[in-house]
Amino acid sequence: MSPFRALGGVLRAGGAGPWWRAGRGTLARCGPHPGRARSHEAPPTQAVASSSSYVEDMYFAWLEDRNNVHESWDAFFRNVQSSGGSGEEAQTRPSALLQGRPASHSPDVTQKVVEDHLAVHTLVRAYQIRGHHVAQLDPLGILDADLDSFVVPSDLITAIDKLGFYGLHESDLDRSFRLPHTTFIGGGETTLPLREVIRRLEDSYCGHVGVEFMFINNVEQRQWIRRKFETPGIMRFTAAEKRTLLARLIRSTRFEDFLARKWSSEKRFGLEGCEVLIPALKTIIDSSSAAGIESVIVGMPHRGRLNVLANVIRKDLNQIFCQFDPKLEAADEGSGDVKYHLGMYHERINRGTEKNITLSLMANPSHLEAVDPVVQGKAKAEQFYRGDSLGKKVMSILMHGDAAFAGQGVVYETFHLSELPSYTTHGTIHVVVNNQIGFTTDPRVARSSPYPTDVARVVNAPIFHVNADDPEAVVYVCRVAAEWRSAFNKDVVIDLVRPGTTVVCYRRSGHNEMDEPSFTQPLMYEQIRRQEHVLKKYADKLIGDGVVTLQEFQEEVAKYDKICEEAYASSKDEKISHIRHWLDSPWPEFFTEEGEPKTMTCPPTGLDKEVLQHIGQTASSVPLEDFAIHPGLSRILRSRADLVRRGQMDWALGEYVAFGSLLKDGVHVRLSGQDVERGTFSHRHHVLHDQEVDKRTCVPMNHLWADQALYTVCNSSLSEYGVLGFELGFAMASPDALVLWEAQFGDFHNTAQCIIDQFISSGEAKWVRHNGIVLLLPHGMEGMGPEHSSARPERFLQMSKDDPDHFPEFGGDFEVRQLYECNWIVVNCSTPANYCHVLRRQILLPFRKPLIIFTPKSLLRHPDARSSFEDVAIGTKFKRLIPDEGPSGQSPEQVRRLIFCTGKVYYDLTKERKRQNLENDVAIVRLEQISPFPFDLVRGEVEKHKRAELVWCQEEHKNMGYYDYVRPRFTTVVANERPVWYVGRGPAAAPATGNKSTHLNELKKFVDAAFNLSAFKGREA
Ligand SMILES: Cc1ncc(C[n+]2csc(CCOP(=O)(O)OP(=O)(O)O)c2C)c(N)n1
């Protein structure tokens, strides 16, 4: 029964219980959530609303400033004023103003007219705010799981006795009321009888669509939504549109049926219960294409993924079906992934608009919602490369499960990126497949918010709840969502809003097809078993309405079934699974046709002196006229200039040179993270701030050359998971950009561990997708306490895939090939020059690998941690290992101890060696590239220092840092013939002590041990 009919009946019959209460309470799982309260503003109570002093108060406030009162009061007073009140009296006393109305009205009658109009205005607003509470959203009729209480809001006229709430009576139902300008229910009418007002409001807000939007601050946007849902007849579909919708529903439903028939015991996370998702997505894409969108980046979880691949992205069906074959062999392209995680990229003609459109469904891990920021980053990058600064050509769609959307924090982090200038994608359409259950858990114990979508309210996104059993309502809402995105990304307000669509549905099977849902939701599943399929219901309706015939319907079904059968037959010819056929971000020009690197060499990374000088000068100047910088910064720039004059560079300059030189070659550089513009340690200063003009800034790096690429440096929100995911997505779009994410301190990366584990470390193996993202992780034991000390090198090294026990063959291209074969590169550079080289190498390599750099803190300003321009001049390159170039290097055979180390501890060791005058006896070699392990260079050092004791020294605790990684590799290098001793801190639970003196004692102890040449005498290795 439609709400309107129900209401009409109630109003006329004067008293039957509200329609939605029928059957309530029979399903135990849906009990109200005790103590949950909604916080919508309450309208004036009857007593207050009817008090004339209240009206007067409002009137005086309005006279003072019309903004003092709500817009409905403003409209009302203006109405009254223009229709009667005049003269000084009328301007000062509302009762006088009201008395100025037609003479036939006594003051009491006029007062009643005012009150009743106010009541109707308030009523309209009540529906706009709270209509969704009583909307018929749940196909199962048990949705109260999503509501805070069974109690219907008291200000919605759902039964005749509730008119009294507003001081209205049954006799008022046929009185006409002037409509406020904040409603469109009138269509062409400015007045309507109360009965009709209520009927239309019920129709707009309490049917199969529940609209949550009144929290949006922008009046224009609220009006836009009201118009879309209130205009009479706006949701009508043409016969052609209905037939298209039916055809799409057939594909969606029959696809799931086909899989269920052929592979009844296989997991596939089917869409049964929400088949309408396919027409929904196709509508969004059609409407967006019509609005000019050329590329859509899609992220979604497991549920319905195969269906989306088949019927939205249009992956060949045989490619999907063959994945069910247990004998399908994997091509030699990484370890692969299960079929419901794989991605896809497809360029095709959109049938609705006959325009080209590119769809890419991003591969993702099981970790729900982790792909959200990645999708956003990729969409942003595509917008950037197309010069689509307003998101009119590229957009993203994100799908979610209800439980994950409410539960996963990365959803919130991603929402908070949505309006930041360097992260916005100008509107994402979110589609929540809300099947009212998460695995086996009910919403009432899975979230504290009434709706799973409440998280979207933080960015003022309108939320449309829609019943998935009403395909036309779903499609209409999707059209509105696409139009909303298109309408509001044209001006500044666009960035403030993102539409959200909740498709309220159910899940016909268990969490996967092997699960028994009735163990935990017995009554819900009893109801689901009784539920008629949406396809049948919709087909019956269209057949009944004469839109299609039964025969046409059956033919359409048979046609699609035949397509599936044929694809199934040809899928049997597929013997090998190529993951590259599932690639979501191909870089066709970067690789050969087979997806291989074009060479196995890396061009030299050294630089011309003039380029160095030019970058150095820009880095130490202010390129804009009349730009007042802070005196402290002037000092910093002066000392930079001094360094440049002397042909030297510190860490900040090394980075400047790397970025600047890549920009010169047309490579976009993007550095993102918390406080990266200045640099956590105040060393970078890539954005200068005018001290006299608010918000006037200058990025000298963008003033290097007229035809250079753009440099983006952006302070991010205080998020690691979201922002790192975003940058990873950005780096995915093109190989021609250096994309760097810097952690404030290295250890904070662990709140983004999912992105590191699921994408960065293993992405290429699972999805043959290269990514050159760079992680800058400040690291070093400097007495700052358990946090702020360690970037946890051990974690990255443990996930490095190079074999510790295999001594590789050193062919001519060993250095580059080793990089190609690894899953990521882990370095700890001890000099600015080497840092500069490794950044440049990252782009000059013929493939892309993630690069993890442990970056310094105190070394940023350490006078010894400097390089000369000569170290990055033409002919130089990244040093994977830096041998000892001091006195010990002259006669290595005399050296008694060879210490291998990496990073900052080198400077502690050289200082102590000098103090003890052991420069001839002890050689110190720096491992700059830790992984993949430079077996060739380490072996060279070991062989050169034949008599020396071998020591690995690190400042980190023994169970942390690099030791567990390097130990077996050293053993492989020395073929187990020479011991390699450990010097460093002992094992510990926390990465560093919080006590400064303990820190210094520990440092002294292990540095002493490093130079105690008899420490290991007589000890067993
Ligand atoms: C981060 C994360 N935690 C836990 C899981 C295990 N898990 C897989 S599906 C699922 C339930 C998801 O429910 P919902 O988001 O409503 O989607 P549905 O499966 O109902 O479509 C859970 C808990 C996961 N995949 N990812």
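The charged end of Lys315 sits over the ring of Trp582, 4.1 Å from the ring centre; a charge counts as sitting over a ring if NZ of Lys or CZ of Arg is within 6 Å of the ring centre and within 35 degrees of the ring normal. Likewise, the charged end of Lys339 sits over the ring of Phe324, 4.5 Å from its centre. The model is predicted: local features need pLDDT of at least 70, side-chain atom pairs count only at pLDDT 80 or more, and totals for chains, interfaces and linings use all residues. Residues are numbered from 1 along each chain as its sequence is written, and side-chain values use heavy atoms, without hydrogens and water.

**Aromatic pairs**
- The structure holds 44 aromatic pairs, meaning rings of Phe, Tyr and Trp (its six-membered ring) with centres within 6.5 Å; planes under 30 degrees apart count as stacked, over 60 as edge-to-face and the rest as tilted.

**Trp224 and Trp484**
- The ring centres of Trp224 and Trp484 are 5.5 Å apart and the planes stand at 70°, so this pair is edge-to-face.
- Because Trp224 belongs to helix H9 (residues 219-230) and Trp484 to helix H17 (residues 471-488), the pair ties together parts 260 residues apart in sequence; helices (H or I, at least four residues) and strands (E, at least two) are DSSP runs numbered from the N terminus.
- Trp224 and Trp484 are both buried (under 20% relative accessible area; exposed is over 50%, partly exposed in between; 1.4 Å probe, protein chains only).

**Phe807 and Phe935**
- With centres 5.9 Å apart and planes at 80°, the rings of Phe807 and Phe935 form an edge-to-face pair.
- Phe807 is partly exposed, at 26% relative accessible area, whereas Phe935 is buried, at 2%.
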